[in-house]
Amino acid sequence: MAANRFLLNQELNIERFPPSSNRSLKAFSAADESILAHTLELSPSLSSVTIINDRFGFLALQLMALRPHLITHHKSQEEAIRYNYELNGLALESPNFFHLLSNDIGQTDLILMKVPKSLDLFHLFLMEAHSLSKPTSKVLCGFMTRHFTKQLLDLASLYFEEVEQSKAWKKSRILTLSNPRCEIKKIIPLHLVPFQNPRGEEVMFKQYFGVFSAKHIDFATQFLLHHLEIDPKTKTALDLASGNGVIAYEIKQQAKHAEIHLLDDSFLAIESSKLNLQEGNIHFHYNYEMSALKDGYFDVIVCNPPFHFEHENTIEIALKLFEGVSRTLSPKGLFLVVSNLHLNYKVHLRKYFRQISQKKQNSKFEIIECSQPVSRIK
């Protein structure tokens with residue numbers, strides 16, 4: 001395999017980014033390796049490759065000689081790929097990154113895809129792969145066998161006439177898709193997610209496929225919103241890990257003149273929130289961390305922090321956000337966080353705030369109120 005002209009003639013070091021203290025979490029899997037192996041078996045006449053959902057850059061680096069287009073949907077993905085290029089002393093040519101909702105890549109010989117956990121997101125990936133395909137194109141979709149569901153085949157068959165599943169290799173498989181259906185038009189799908197707000201009004205939120213909690217506002221956020229009390233005089237507020245923007249929307253109802261910011265690692269989430277908050281002093285930040293936000297700037301920060309990333313569970317993302325909150329919250333500001341009881345965030349929050357109390361609790365969730373950020377106290 002090392003002799004293949006597509007591969008770099010050097011050992012590559014691929015690391016997770018942001019770094020993780022959990023040694024069981026790897027930067028690539030057998031599914032990534034299987035995609036690469038199947039790619040190298042194809043005709044050497046390949047002239048264009050597009051990679052969808054390469055989380056840490058394993059495929060992008062291995063196939064750098066093909067100058068692949070990279071379609072990402074998380075800011076942390078982009079930064080991880082940049083990090084691993086730099087780690088290996090390689091130059092990442094620009095423009096290289098593209099997003100799902102619009103791109104000008106054009107038709108591609110080969111599309112490589114790491115199958116996501118979300119079937120909705122897989123649907124969106126397939127739509128994108130179909131729009132990039134010409135009659136002779138192939139799409140290679142890699143996944144771990146334990147994550148297989150027949151719905152993967154059903155969705156793939158909506159867009160491609162031929163769907164072939166490989167034999168298992170190191171507990172991974174490949175779906176090879178070919179002969180794109182000619183009658184399909186690219187129409188970006190939206191979910192309409194209803195929510196009855198604390199005033200008894202039903203509001204409909206729009207969100208793109210692949211954004212967290214597609215069928216209803218997730219229960220932790222509902223619990224938070226029905227107990228959310230924002231001072232009408234609030235000047236600056238941040239909806240952290242903002243999803244479709246429902247928390248920011250409720251803040252806006254209670255503090256009508258506030259300057260409201262939303263931050264999320266998901267491009268699809270940020271673009272969804274733009275559909276739901278179109279008026280007022282609103283600012284959107286597509287980012288996985290808070291370094292671009294000013295010290296001590298926010299009167300209120302509200303967060304339902306993520307602890308899932310694909311098939312992984314980790315609180316490290318939330319802990320990094322808590323650190324950012326302690327820096328960006330004003331000395332007299334208030335931080336409200338909702339979480340599952342079993343995550344026991346109060347233990348970790350004590351590192352960043354002097355005052356911590358449980359505001360509300362039910363059988364599954366708790367709302368924690370934090371103030372006096374340690375990094376803002378002199």
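Tutor: Let us begin with the rule for aromatic pairs: rings of Phe, Tyr and Trp (its six-membered ring) pair if their centres lie within 6.5 Å, and planes under 30 degrees apart count as stacked, over 60 as edge-to-face and the rest as tilted. This is a predicted model, in which local features need pLDDT of at least 70 and side-chain atom pairs count only at pLDDT 80 or more, whereas totals for chains, interfaces and linings use all residues. Residues are numbered from 1 along each chain as its sequence is written, and side-chain values use heavy atoms, with hydrogens and water left out.

Student: How many aromatic pairs does the count come to by this rule?

Tutor: A pair of aromatic rings is described by the distance of the centres and the angle of the planes. With the cut-offs just given applied to the model, the count of aromatic pairs comes to ten.

Student: Which kind of pair do the rings of Tyr297 and Phe298 form?

Tutor: Tyr297 is partly exposed at 27% relative accessibility, while Phe298, at 1%, counts as buried; buried means under 20% relative accessible area, exposed over 50% and partly exposed in between, with a 1.4 Å probe and protein chains only. The ring centres of Tyr297 and Phe298 are 5.2 Å apart and the planes stand at 90°, so the pair is edge-to-face.

Student: Which elements of the chain are linked by the pair of Phe322 and Phe335?

Tutor: The rings of Phe322 and Phe335 have centres 6.0 Å apart and planes at 65°, so this pair is edge-to-face. Both Phe322 and Phe335 are buried, and together with Tyr345 and Phe353 they form one aromatic cluster. Helices (H or I, at least four residues) and strands (E, at least two) are DSSP runs, numbered from the N terminus. The pair links distant parts of the chain, 13 residues apart, with Phe322 in helix 9 (residues 316–328) and Phe335 in strand 16 (residues 329–340).

Student: What distance separates the end C-alpha atoms of helix 3?

Tutor: The expected span of a helix is 1.5 Å times one less than its number of residues. For the 13 residues of helix 3 (residues 75–87) this gives 18 Å, and the span in the model agrees, because its end C-alpha atoms are also separated by 18 Å.

Student: Which residue just after helix 3 takes a positive phi?

Tutor: Within helix 3, the buried residues include Ser76, Ala80 and Tyr85. Just after helix 3, a positive phi of about 65° is taken by Gly89.

Student: How many disulfides does the structure hold?

Tutor: A disulfide is counted as a pair of cysteine sulfur atoms within 2.5 Å. Cys182 is in no disulfide, the nearest cysteine sulfur being that of Cys141, 20 Å away, and Cys370 is in none either, with the sulfur of Cys303 nearest at 10 Å. Cys182 is exposed at 73% relative accessibility, whereas Cys370 is buried at 0%. The number of disulfides in the structure is zero.

Student: Which strands stand at the edges of the open sheet of seven strands?

Tutor: Two strands pair if DSSP finds at least two bridges between them, and the open sheet has the order 3-2-1-4-5-7-6 with mixed pairing. Inside it, strand 1 (residues 49–52) and strand 2 (residues 69–71) pair in the parallel sense over three bridges, and Thr50 stands opposite His69 in strand 2. One side of each edge strand is left without a neighbour in the sheet, because each has a single partner strand; these are strand 3 (97–98) and strand 6 (160–165).

Student: What is the omega of the cis peptide bond that joins Phe17 and Pro18?

Tutor: Most residues other than glycine have a negative phi, and most peptide bonds are trans. Pro18 lies in the segment before helix 1 (30–40). The cis peptide bond between Phe17 and Pro18 has an omega of about -5°.
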